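Colleague: I would like to learn how to read a protein model. Could we go through one together?

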Amino acid sequence: MSEITPLSTVLIANRGEIAVRIARVAADLGMRSIAVYSDADAEAPHALAADEAYRLPGTSPAETYLNAPAIIDIAVRAGANCIHPGYGFLSENSSFARDVIAAGMTWIGPRPETIDSLGDKVSARRIAESVGAPLAPGTSDPVDSWEQARDFAEEHGLPIAIKAAFGGGGRGLKVVSEASEIEDAFLSAGREATEAFGRGECFVEKFLTKPRHVEAQVLADSHGNVAVLGTRDCSTQRRFQKLVEEAPAPFLTDKQRTAIIEGAREVCRAAGYLGAGTVEFIVSEDGTVSFLEVNTRVQVEHPVTEAVTGLDIIAEQFRIAAGHPLSFEGDPTSNGHAFEFRINAEDVAHGFVPCPGTITAFEPPLGPGIRVDTGVRAGFSIPGVYDSLLAKLIVWGPTREVALVRARRALREFRIEGVRTVLPFQRDIVEHPALIGDSLDIYTNWVDKEYTPTFGDSAEAIEEAYTERTTVTIEIDGRLHSVGLPAHLFTSAAAAPATASKGAAATGASESGRSGDEVVCPYTGTLVAWKVEDGEEVTEGQAVATVEAMKMESNVTAPRSGTIHLLTSPGDAVERGTALARIE
């Protein structure tokens, strides 16, 4: 018998670690869980974590986890009486929520009209303004063309942020500092938003310099309770995708903290919020707090708040959807400090480019205060069409300092092989003065603009951080010594020249090598667009193409000046090391 009657069977409309997480909470609550999976995810852990799993034909997001009719059909056939969307995909799609309700099932999330009013960032701005939340200048409605974005920049000055009106998580967000970049950024933001959320409308607002990203976790039930579970700092990002989160947000004044918590509460109360949601703010360099947006779903980083409050936010979502009040009264107090580190399949050596492939080893750390949420395992092949998140490492300590000590050890022990991940960056950032000092000197594009690895910023030094090592323990004069040696010394691959392998990795080229005349694709993905014409003169370092993988677009630059000859076309699937063009 389910502990949250009348809910008994949940279909999880998602994949990866969040789908595993929801399935486990459902089991805790005495519920039956139903997973869905694409062809690429047939052997994924989330499909095995649920009680049953059903196939969504296809591989692309549109064919699978964004295919609302197919998901609802499976839910009805499997006997589900509720649907949990997780985060991303359809989680903030009000039409999907309405279809779930129309099919006679319970939607684990805010009411569809709330998703419309808060999920639309323009409407959310109006609500925030009505309750007195501070706001940066911005357009009242989505803009229809890049020329309108240019006009806004001329009126309010640069930099500006071009942001998807629907969705979140950094998808469809472009910050522009030069007028010449507005057109390209506007088009790219629309493409990313359409791919990730199915809608490409964007609005424009003034971008405040060196902003911290601070947010408040909210839970609201149908009995009038609107609780704020404290704050999180999520300022460590690359391309506005979060890498490190911590709770509670450090180095805030009492006035700033109160403005964030009460602002979040009043925005949600005014919107008639129901369920779990996150109200995001930026804290600018001069200390100004400004409302950013509301994410009408559970956040990727919800575990870091769970670590300091002792609450299960997913379980609370089920309770609220079933009509029960929150399991606690008032705002919970925070106990200790916690960090969450997103472990993404991305190559730090080449600018955090996506790195799909097959995981050959996956060994998470253990110990006091350590939690790992993941949706992968050794032997699992990471598709290139979905998000790059492999796992989340959550570390709790009684103080921020102890949490950092535990985090350093846990990150050292975390072993993933077969694909490149952001672990070298995470191991470095917990030693970096910008994070561990007496103030937080990191802002939302600090990684992109200022980050320099403490172990060296040369290509060779970063490549060395990816060298897989085998630890050998030896005894000298009765004392044990551990020595880390390159793993290839213990395999038949030792016969291969190390310099050749290293050179290929550093350039992103194949083992056969590349000349400097070829424009080489840095990672496996899809060629979205050319920024130049065949036969055009280009200069060294000029952006010539856009490649997309794992729902993120990146530019490919010319390695030298000359006349470019295109070898591939938009829409082509390209492998890492593919010659996209040749330069004479």
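**Surface, fold and details**

Modeller: Start with the surface. The protein exposes about 22900 Å², and carbon and sulfur atoms supply 50% of that area. Accessible areas come from the Shrake-Rupley method with a 1.4 Å probe, and for residues only the protein chains shown count as cover. This is a predicted model: local features need pLDDT of at least 70, side-chain atom pairs count only at pLDDT 80 or more, and totals for chains, interfaces and linings use all residues. Residues are numbered from 1 along each chain as its sequence is written, and side-chain values use heavy atoms, with hydrogens and water left out.

Colleague: How many helices and strands does the protein have?

Modeller: Helices (H or I, at least four residues) and strands (E, at least two) are DSSP runs, numbered from the N terminus. Here there are 17 helices and 32 strands. The radius of gyration is 24 Å, close to the 25 Å that the globule rule gives for 584 residues, so the protein is as compact as a globular protein of that length. That radius is taken over C-alpha atoms; the rule is 2.2 Å times the number of residues to the power 0.38.

Colleague: What percentage of the 584 residues count as buried?

Modeller: Buried means under 20% relative accessible area, exposed over 50%, partly exposed in between (1.4 Å probe, protein chains only). In this protein 55% of the residues count as buried.

Colleague: Why does Lys163 count as buried?

Modeller: Lys163 counts as buried because its relative accessibility is 5%. Its place is strand β6, residues 160-164. Contact means heavy atoms within 4.5 Å. Leaving aside neighbours within four places in sequence, Lys163 touches residues including Lys121, Glu201, Phe203 and Glu293.

Colleague: Which residues make the nonpolar surface patch?

Modeller: Patches use residues with over 30% relative accessible area and no salt bridge; like charges are joined within 9 Å, nonpolar side chains (Val, Leu, Ile, Met, Phe, Trp, Tyr) within 5 Å. A salt bridge is a side-chain nitrogen of Lys or Arg within 4 Å of a carboxyl oxygen of Asp or Glu. Here Ile474, Ile476, Val483 and Leu485 make a nonpolar patch of about 270 Å². Strands β23 (469-476) and β24 (479-486) each give two or more residues to the patch. Ile476 is partly exposed, at 42% relative accessible area.
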